[in-house]
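Welcome! Here is a short tour for anyone meeting this structure for the first time, so please take a look at it before reading on.

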Amino acid sequence: MANLCPPLSAGEDTFELHSLQLELEAVEKQIQELLVRQTELRERRAALESSRVSIQHDTNTLTTSTPCASLPRSRAPWTRSSQMSFTPAPGHHGPWVQQQRKTRARPRPRTSPPPPPPVFEISTRNRFAPLRETERDAVIVGDSIVRYVRATLAKGKVHTHCFPGARVLDVSAQIPAILKDGESVGAIVLHAGVNDTRLRQTEVLKRDFSSLIETVRSTSPATRIIVSGPLPTYRRGHERLFRADGLHPSRVGAELLSDNISRTLRSI
C-alpha cells in the first residue's frame, strides 16, 4: 500500500513528551523565582513603612531650644585709651563659654511608597498543539474491491464509497461530489486500478492516477491522500484471501485490507 503521508514515528512522540517535560520544568522554575522575588519586595515594603513611621515620631517629639539672655552693656563713655573689660556674672568662675544654640533637626524627606511588584505573564499555551489536530472523518473511494472494507479510526468515522467496474478516471469524476465538504474530511484512501490493469497500458494508468490525485488536491487541499492497491494477483497458497474468481477479496481478505487501512489512518 503506497502512502503519500508517512506516519509519525514513536521517536517523535518521545521527543514531544520530553519537550513538554522540559517546558513544565521551566515554568516551575519561573514560579519559584517569582515567589522569591515576591518575598523580597514585601520585606522591602515593610522596612520602608517602618522607616516612615520612625521619621514621623521623631518630628513630633523634637523640643524647642531656649534662647540665650543677652548681657547688659556698660553705659561708660567710650575712649580710645580705655580698655575693654568683662565682668563675670556672680557665681561664675572660669572662662566664658559660648552657648551653642540648639537647632531643630530637619525632617527627612518622605519617600514615596515602593512601586508594585512587576507582573510576569507566564504563557501556558502548548506550542506543540498544532501537532495534535482535531480528529476528522476519512473516506475510502474505489471500485468493487472495497465493497466490504470497513476501516475504523480512534476518533471520527470512515465512509466507504464503492463504484463497481470503475476505472481510475471514473473514480476521479466522483471526487468533487464526495469531497464537497472537504473541511470535514481529514484523509481519503484511493483504491482503484484493477480494472485498468487489464488494458496493459502502464503509461496511461500512471497519467490517470496523477490526474486523480490532482483532482483531490484541487477539491480539498487540506485532505491527506493515501493510495491503496491494486491488490496483488491470485497466488497459490492464498486461496482463503480471494473469492472463487481470484480477483475480489474474500471475507478474510476484506478484513485484512480493512485492518491495513485502519492502521494507516491512525498513524497519520
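## A charged pair to begin with

Let's start with Glu255, which forms a salt bridge with Arg251; their closest N and O atoms are 3.2 Å apart. Keep in mind that this is a predicted model. Both residues belong to helix 4, where they sit 4 residues apart, about one turn of the helix. Glu255 is partly exposed, at 46% relative accessibility, while Arg251 is exposed, with a relative accessible area of 61%.

Side chains of opposite charge can then pair when their charged atoms come close.

How many salt bridges does a search of the whole structure find? The search finds 4. Another one joins the side chains of Asp259 and Arg263, at 3.4 Å from N to O. These two are 4 residues apart in helix 4, so about one helical turn separates them. Asp259 is partly exposed, with a relative accessible area of 38%, and Arg263 counts as exposed at 52% relative accessibility.

Lys206 is partly exposed at 48% relative accessibility, whereas Glu203 is exposed, its relative accessible area being 54%.

Helix 4 covers residues 251-267, 17 residues in total. At 1.5 Å a residue, helix 4 should span 24 Å, and its end C-alpha atoms are 25 Å apart, which agrees.

Which residues of helix 4 are buried? They are Gly253, Ala254, Leu257, Ser258, Ile261, Ser262, Thr264 and Leu265.

## Two helices side by side

Two packed helices are described by the angle between their axes and the distance between the axes. For helix 2 (residues 168-178) and helix 3, the axes come within 9 Å and cross at roughly 5 degrees. The two helices are therefore roughly parallel to each other, since angles under 35 degrees count that way.

Where they meet, helix 2 contributes Val168, Leu169, Val171, Ser172, Ile175 and Pro176. Their partners in helix 3 are Leu205, Asp208, Phe209, Ser211, Leu212, Thr215, Val216 and Thr219. Sorted by class, the contact of helix 2 with helix 3 has 9 nonpolar, 4 polar and 1 charged residues.

Technical notes
Residues are numbered from 1 along each chain as its sequence is written. This is a predicted model: local features need pLDDT of at least 70, side-chain atom pairs count only at pLDDT 80 or more; totals for chains, interfaces and linings use all residues. Side-chain values use heavy atoms; hydrogens and water are left out. The expected span of a helix is 1.5 Å times one less than its number of residues. Buried means under 20% relative accessible area, exposed over 50%, partly exposed in between (1.4 Å probe, protein chains only). Axes are lines fitted to C-alpha atoms, for helices over the stretch in contact, and angles run from 0 to 180 degrees between N-to-C directions. Angles under 35 degrees count as roughly parallel, over 145 as roughly antiparallel, 65 to 115 as roughly perpendicular and the rest as oblique. Contact means heavy atoms within 4.5 Å. Ala, Val, Leu, Ile, Met, Phe, Trp, Tyr, Cys and Pro count as nonpolar, Asp, Glu, Lys and Arg as charged, and the others, Gly among them, as polar.
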